[in-house]
Amino acid sequence: MINLKLATMLSDEMNFEFYSAYLYFGLAARLDELRLSGMAQWMRGKSREELDHGMAFYRYISDAGAAAEFKPVPPPAFDDGTPLAIFNSALEHERRVTAQQGTISSFALEVHDFGVIAFLEDYHAEQRSEERQLDELSARLEMAGDDHGALLFVDRELAAQK
Ligand SMILES: [Fe+2]
Ligand SMILES: [Fe+2]
């Protein structure tokens with residue numbers, strides 16, 4: 001039987017993955033408003049990935065014989081000033097997710113739940129790749145600055161990715 005505190009941590013993380021999806025939908029809506037539809041489309045792709053992550057946490061908790069608790073999803077909170085600010089908000093968010101998942105692995109190690117450690121391994125790798133991707137996009141948007149041509153170039157590039 002899974003440790004109760006560990007099950008709660010996984011359940012909270014499930015809710016946070018659903019919040020991640022909601023956040024990315026919010027970021028996409030703002031990018032659509034700015035008429036950067038390639039970036040918006042990319043964000044919506046991320047959103048769907050986060051929904052899959054949430055469901056994977058749900059399945060793990062359920063398979064472990066515990067109950068996942070679905071909590072209200074707060075409205076997406078982010079800096080919507082510029083495309084750079086929008087992407088930086090996503091990057092900051094992913095850093096927080098990485099830290100939270102690390103805390104769960106640390107606790108799983110403490111209670112010797114190697115199943116949870118193995119389950120989270122894929123997510124640690126996923127976080128590394130998400131942070132790297134967002135870090136690169138933020139750097140490129142910073143380089144682009146107020147240059148509309150450069151912004152549209154990144155927009156087209158992201159449209160081609162998803
Ligand atoms: Fe995720
Ligand atoms: Fe993510």
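Residues are numbered from 1 along each chain as its sequence is written, and chains are lettered from A and ligands numbered from 1 in the order in which they are written. Because the model is predicted, local features need a pLDDT of at least 70 and side-chain atom pairs count only at pLDDT 80 or more, while totals for chains, interfaces and linings use all residues.

The protein chain contains five helices and zero strands. Helices (H or I, at least four residues) and strands (E, at least two) are DSSP runs, numbered from the N terminus. Read from the N terminus, the order of elements is α-α-α-α-α. The C-alpha trace spans about 55 × 25 × 25 Å along its principal axes. Of the 162 residues in the chain, 34% count as buried. A residue is buried if 20 or more other C-beta atoms lie within 10 Å of its own, exposed if 12 or fewer, and partly exposed in between, with C-beta atoms placed from the backbone. Two residues are in contact if their C-beta atoms, placed from the backbone, lie within 7 Å. Among contacts with a separation of 6 or more, 74% are accounted for by residues 24 or more positions apart.

Helix H1 (residues 4–33) and helix H2 (residues 37–63) pack at an angle of about 165°, and their axes are 8 Å apart. Axes are lines fitted to C-alpha atoms, for helices over the stretch in contact, and angles run from 0 to 180 degrees between N-to-C directions. H1 and H2 are therefore roughly antiparallel to each other; angles under 35 degrees count as roughly parallel, over 145 as roughly antiparallel, 65 to 115 as roughly perpendicular and the rest as oblique. The crossing of H1 and H2 is left-handed, a term used if the near helix is turned anticlockwise from the far one by less than a right angle, with right-handed used if clockwise. The contact of H1 with H2 has 18 nonpolar, six polar and six charged residues. In this division Ala, Val, Leu, Ile, Met, Phe, Trp, Tyr, Cys and Pro count as nonpolar, Asp, Glu, Lys and Arg as charged, and the others, Gly among them, as polar.

The axes of H3 and H4 cross at roughly 160° and come within 9 Å, and H3 and H4 are therefore roughly antiparallel to each other. H3 passes H4 in a left-handed crossing. Their contact has 16 nonpolar, seven polar and six charged residues. For H2 and H5 the packing angle is about 40°, with the axes 7 Å apart, and this crossing is also left-handed. Ser 37, Gly 38, Met 39, Gln 41 and Trp 42 in H2 meet Asp 155, Arg 156, Leu 158, Ala 159 and Gln 161 in H5. The residues of the contact of H2 with H5 divide into four nonpolar, four polar and two charged.

The largest nonpolar core has 37 residues. Such a core is a set of buried Ala, Val, Leu, Ile, Met, Phe, Trp, Tyr and Cys residues joined through C-beta atoms within 7 Å. The residues with the most contacts inside this core are Leu 10, Leu 27, Leu 31, Met 39, Met 43 and Ile 61. At least two core residues come from each of H1, H2, helix H3 (83–110), helix H4 (114–144) and helix H5 (148–161). H1 gives the most, with 12 residues. Leaving aside neighbours within four places in sequence, Leu 10 is in contact with Phe 57, Tyr 60, Ile 61 and Ile 104.

Glu 131 lies in helix H4 and is partly exposed, with 16 other C-beta atoms within 10 Å. Neighbours within four places in sequence aside, Glu 131 is in contact with Leu 91, Glu 94, Arg 95 and Thr 98. From Glu 131 to Thr 98 the C-alpha to C-alpha distance is 8.8 Å, across 33 residues in sequence. Arg 96, in helix H3, counts as exposed because it has 12 C-beta neighbours inside 10 Å.

Most residues other than glycine have a negative phi. Arg 35, in the loop between H1 and H2, has a positive phi of about 65° although it is not a glycine. Arg 35 is exposed, with 10 other C-beta atoms within 10 Å. His 112, in the loop between H3 and H4, has a positive phi near 55°. His 112 counts as exposed, with 9 C-beta neighbours inside 10 Å.
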